[in-house]
Amino acid sequence: MAPVEQDALAVREQLFHERVRECIICALLFASLYILCHFIITHFKKHADFTAVLDDEDAAVNRIALGLCTFTLAVALGAVLLLPFSIISNEVLLSFPQNYYIQWLNGSLIHGLWNLVFLFSNMSLVFLMPFAYFFTESEGFAGSKKGIMARVYETSVVLLLLTLLVLGMVWVASAIVSNDAASRQSLYDLWEYYLPYLYSCISLFGVLLLLLCTPFGLSTMFTVTGKLLVKPRLLEDLDEQLSCTRFEEAAVSHRIRSGKASCWLNLDMEMLREQFFAIRSKRRKLELRHRASPWQRNLGYPLAMLVLLALTGISVLIVCFHVLELLLDDAAMPRGMQDASLGQVSFSIFGSFGAALQVVLIFYLMVSSVVGFYSSPLFTRLLPERQDTPLTKIIGNCVSLLVLSSALPVFSRTLGITRFDLLGDFGRFNWLGNFYIVFLYNMGFAGLTTLCLVKKVSWAVQAELIRAFGENRDMGSQGWLLGCPLCPTLALTLSLYPGLHKLPLPVTRCRTRSKPC
């Protein structure tokens, strides 16, 4: 064999081994995500829907649908990890360019992961989840033999009719938007036009949903943090309050058991029960604070609130800076790239620290969007319950999470959170090249987030300020305080450390309003 043929054979052999290695890595990653999602869904599913006590056929159908839901949730989790994994891989290749043990981490692997996530997202949204829903609701055609295959036939027919309906709507919409010869010719290409166009519409809906849910979720996270963590209360005797609350609870409980309030008054049992439940809730909160360590009571809540404030403020500043870039430079527009050239340059001007901050912000915005989604009045009913979530609700949750997570890379790149361009078909969305949509989207996110932040934090700070200095001081001292230049800092301190107003600090009053202290 000639040397040229040997070199060509060696190159083909190397490409084959690299392809096999990438397939193995992708399979291992997806298997890990699938197992994790299986445990998550098992934690929330209703076990009565999967037992074969009443109907073995229904239990088998539910198990098949549960497997499809697990697959969809694994794809959603993979879409969340897609952009952070790409950013971290680029920084690792920059730090260790010649390391033998990370040579498997290359641009071809990252590009393949992006394509697989895009393919599985399309497949789950268009085929698997509708099939799972219709499969659980089907009973077979009238007159046919009962069984799982009868349900499969009915589900396939219904899904085929739904697919024709959706494709017809997309065809009509495309013909109305662009009525030229090239567009009409592209309408006959199912794989190259229909599915990317349909997924582009779904992605646009997901990005708009992220825009609405993320600011609302940011404000909700401040409230949730205040409920989960123990707020510090200075100059407070917890033992005395807990003892009084226990004594009051025992007294009300005794009155409920006795059946009489006194010898001359009839007992209002309903009012006493409400009072008992309120006292018991107060006692549990006091016991939780009593069990907390001093570090947790005095530092946990303030540090958590400051971290949330810092992450939210950094996100708003990055988006505002990106708005200025959009006005000055066309390179700031989100676009796709076909060649994932990793390990050449960092995607942040601050190097590895900036890349780590981008990853943290991406996860923070995703968690905020999920919190805002389940906290909104429209989707509160979708909130899963432990060991009591029916299968139809699980399907709805998987679809919702997949729509949010598959739009996360486009969301992060559109807002300028990261400079990592979209790979594969994620960069083929038509609306990404529209300057007005991208500009208004950034302005909307910055405005809504700032509004929610001001409403949730500033109003809470002002209420704490008025409450703190309104207990033992007259309105004159409050007027002095609101006119003081140190008012915002003092108010923030009071909101982080309630009870600080009880300290015996002297207050100096200014006689003239024109010269505040």
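Helices (H or I, at least four residues) and strands (E, at least two) are taken as DSSP runs and numbered from the N terminus. The structure is a predicted model, in which local features need pLDDT of at least 70 and side-chain atom pairs count only at pLDDT 80 or more, while totals for chains, interfaces and linings use all residues. Residues are numbered from 1 along each chain as its sequence is written, and side-chain values use heavy atoms, with hydrogens and water left out.

Burial was assigned from relative accessible area (buried under 20%, exposed over 50%, partly exposed in between; 1.4 Å probe, protein chains only). Helix H12 spans residues 408-415, and eight of its eight residues are buried, so the helix is largely enclosed by the rest of the structure. The buried residues of H12 include Arg413 as well as Leu408, Val410 and Phe411.

The search of the whole structure returned 14 aromatic pairs. In one of them, the ring centres of Phe373 and Tyr374 lie 5.2 Å apart with the planes at 80°, so this pair is edge-to-face. Phe373 also pairs with Phe379, in a stacked arrangement with 4.3 Å centre to centre and 20° between the planes. Phe373 is buried at 1% relative accessibility, and Tyr374 is buried at 14%, whereas Phe379 is partly exposed at 25%. Elsewhere, ring pairs link Phe30, Tyr34, Phe71 and Phe120 into a cluster.

Definitions and conventions:
Rings of Phe, Tyr and Trp (its six-membered ring) pair if their centres lie within 6.5 Å; planes under 30 degrees apart count as stacked, over 60 as edge-to-face and the rest as tilted.
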